[in-house]
Amino acid sequence: MVLPSPEFLVYSIAYGSVLALLCIGLTLTYMVTKVPNFAHATLAITGATVTLFLLDRIYYSLHPVRCHGCVVQYATLYLLAPILAFIIVGLVALAEYLLVLRPLARRGMGIIGLMIATLAFDMILYNVLSLTLYIVPAKNLSRLMDAPLKGFDVGVTLAGVNTSFSRLLLPLVAITLAVALHMFLTRTKFGVSLRASIENPDLARVLGINVDLAYMVSWFLAGGLAGASGALWAFMIESYKPETAYFIIVSIFAGSILGGLGSVYGALVGGFLIGLAETVGLVITQNLLQLLLNLLQQLLNMLGLTVTLTVTVTLTQYQRFFSLIIVIVVLLVAPQGLAGINFRGLLARGGLK
Amino acid sequence: MDQPILAVNSLNSGYGKFQVVFDVSFNVYRNEIFVIVGPNGSGKSTLLKSIFGLTTIYSGSISYMGKDVTKLPPHVKARMGIAYLPQTDNVFSELTVRENLMMATYTLKESEARDRVEEVLKIYPVLRNKLDYKAKSLSGGERQMLALAMTLVRRPSIIMLDEPTANLAPVVARDLLKKVSILRDEMGITVILVEQNARAALEMGDRALLMVSGRVAYEGPARSLLQDAELGRRYLGLR
Ligand SMILES: Nc1ncnc2c1ncn2[C@@H]1O[C@H](COP(=O)(O)OP(=O)(O)OP(=O)(O)O)[C@@H](O)[C@H]1O
Ligand SMILES: [Mg+2]
């Protein structure tokens, strides 16, 4: 079979949703501060840490395995964790902006300097997380670090597909948050002022808009989105470690670049596509490769040659490599990302108007 | 004369380390049209930006209605009743006309904002049909009208107009300058006007400032500058 299983498809969509939310946040802060925030993935892991602590302190004994009839109570974790993480991580991102980026930018530091500053903040945050997990003893889990968070998800069978609560929830959360963000940016005066402040900060100031406040809110929102998605992403992590962040940052950049780094809608689509490419795309490619080899083998057998051909590489190990290739291709073919492609023009040229 | 509405004292300002304005002082009094003229690149726009706090100020002070506002952030100055029409990038091109006007009335209450927008749409009816278009799809002249509407909609006490007639057809430009007099006469707005068309501006202005290479070359009655053959010929192309 070339196509992956429905289980895997559900997993892919959930993963794509996480990436979409992370790319929206990264793009938002990029539009505001004009610097790629290398700490963005660690912000997401901070969100996952919120889930970890809630699990260890409150929800451990409520897990359906240990408590029958606690499902509803346990399900509140899926609501509480993202909300709490939204606030906490939003504040962490705000701190990054207020304590690190804004003072440096005001002193006239260029983009390279600011980029390195986000890296520095990333290391600080990473170390704070590691240290916290090291110092704070686990209450119910054997250890906080390396906790098998995946095992704390609640299994669900839907239409014959074995999946889990978090995987079904993630796309819904992504859609809800994206729609909410869209409404905020287009329907509220403050949201419009945020777009205005991004496009032309001086003009916004001249009209009496507090641009600084708008930027602070953007950072808070970006951190909040990272926190909320990270809190649910926690259930997809095999075993929890702060350094898990370093794997996903590549994908976040890939999705954001694909989205053009200039529009939250581009980021949404870019993140989702990278998520799918890294999962379903990879599996399909792998299967196609196998199919091709099988055909080749049959052909050779027909010609009287008896050889056995097998694929020895598992592409899934090269997940990030795959997204890096996508980034390179995008930068070569459409440097402005998806948002920069003139789709109407393309359609018109193809006579499909 | 009484207390100036705006007083600039020994202002030195520029962009980062690049100084553009050198030791500029002048007063603007309530209900007058104060014209600023000077060759291209002499620092007129930079002076207006500095008054609003959008440049780096090295020394000097700016006071508005007797209050020192030198260090106040721009959005606070805007809320105090100072309005400014920048020479370039004076509308949000990615926002619709409606959203642009919404931003221009940002500091007002909802109901008041709606009335004021209605008011300026009467003055610039072209905009009414384009409310849901992005500003970048407007023609140069329409965009300038939108920018003007955005400056006037808050009914400021003092407005600084940086070449408001740029991009406008000659007839419309003349009409606009006439409207500037109306602003002063009927609405009691004080106007600082930077204008390329020196003759027209000086004819309608009360007092004037001539800037040359970032310094004040003349400050006084607008008429006298118009009649000063030497300055007029050298810097303003007047015969
Ligand atoms: N954003 C900026 N950054 C750095 N230098 C600038 C900036 N804007 C203007 N300048 C410089 O400041 C000087 C004065 O420019 P300014 O725009 O104030 O002149 P102006 O009198 O308004 O000219 P014009 O009549 O052409 O509008 C020029 O030498 C210009 O190069
Ligand atoms: Mg100018």
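The legends below describe close-up views of a predicted model. Residues are numbered from 1 along each chain as its sequence is written, and chains are lettered from A and ligands numbered from 1 in the order in which they are written. Local features need pLDDT of at least 70 and side-chain atom pairs count only at pLDDT 80 or more, while totals for chains, interfaces and linings use all residues; side-chain values use heavy atoms, with hydrogens and water left out.

View 1. Strand β3(B) covers residues 33-37, and five of its five residues are buried. Here buried means under 20% relative accessible area, exposed means over 50%, and partly exposed lies in between (1.4 Å probe, protein chains only). Strands (E, at least two residues) and helices (H or I, at least four) are DSSP runs, numbered from the N terminus. In a regular strand the side chains alternate between the two faces of the sheet. B:I33, B:V35 and B:V37 point one way from β3(B), whereas B:F34 and B:I36 point the other way. Two strands pair if DSSP finds at least two bridges between them. Four bridges join β3(B) to the parallel strand β8(B), residues 190-194, and four join β3(B) to β9(B), residues 207-212, also parallel. B:V35 has B:L193 as its bridge partner in β8(B) and stands opposite B:A208 in β9(B).

**View 2. The magnesium ion, ligand 2.** B:S45 (OG) and B:Q87 (OE1) coordinate the magnesium ion at 1.9 to 2.0 Å. B:S45 belongs to helix α1(B), residues 44-52, and B:Q87 to the loop between β6 (82-85) and α3 (97-104) of chain B, so the pair ties together parts that are 42 residues apart in sequence. Donors are N, O and S atoms within 2.8 Å of the metal (3.2 Å for Na, K and Ca); water is not among the atoms, so sites may look incomplete. B:S45 is buried, at 17% relative accessible area, while B:Q87 is partly exposed, at 33%.

**View 3. The open four-stranded sheet of chain B.** The strand order is β2-β1-β4-β5, with antiparallel pairing. At the edges stand β2 (18-28) and β5 (67-68), each with a single partner strand, so one side of each is left without a neighbour in the sheet. Helix α1(B) packs on the sheet, touching β1 (6-15), β2 and β4 of chain B, and its direction makes about 110° with that of β1(B). Contact means heavy atoms within 4.5 Å; axes are lines fitted to C-alpha atoms, for helices over the stretch in contact, and angles run from 0 to 180 degrees between N-to-C directions. Two bridges join β4(B), residues 56-64, to β5(B), where B:D68 is the bridge partner of B:S63.

**View 4. The interface between chain B and chain A.** In this interface, 25 residues of chain B are in contact with 18 residues of chain A. The two chains bury about 1900 Å² between them, 64% of it on carbon and sulfur atoms. Buried area is the accessible area (1.4 Å probe) that two parts lose on being put together, summed over both. In chain B, B:H75, B:F92 and B:Y106 lose the most area to chain A, together 33% of what that side buries. The count between the chains is one salt bridge, a side-chain nitrogen of Lys or Arg within 4 Å of a carboxyl oxygen of Asp or Glu. B:E99 and A:R195 meet in a salt bridge at 3.1 Å, N to O.
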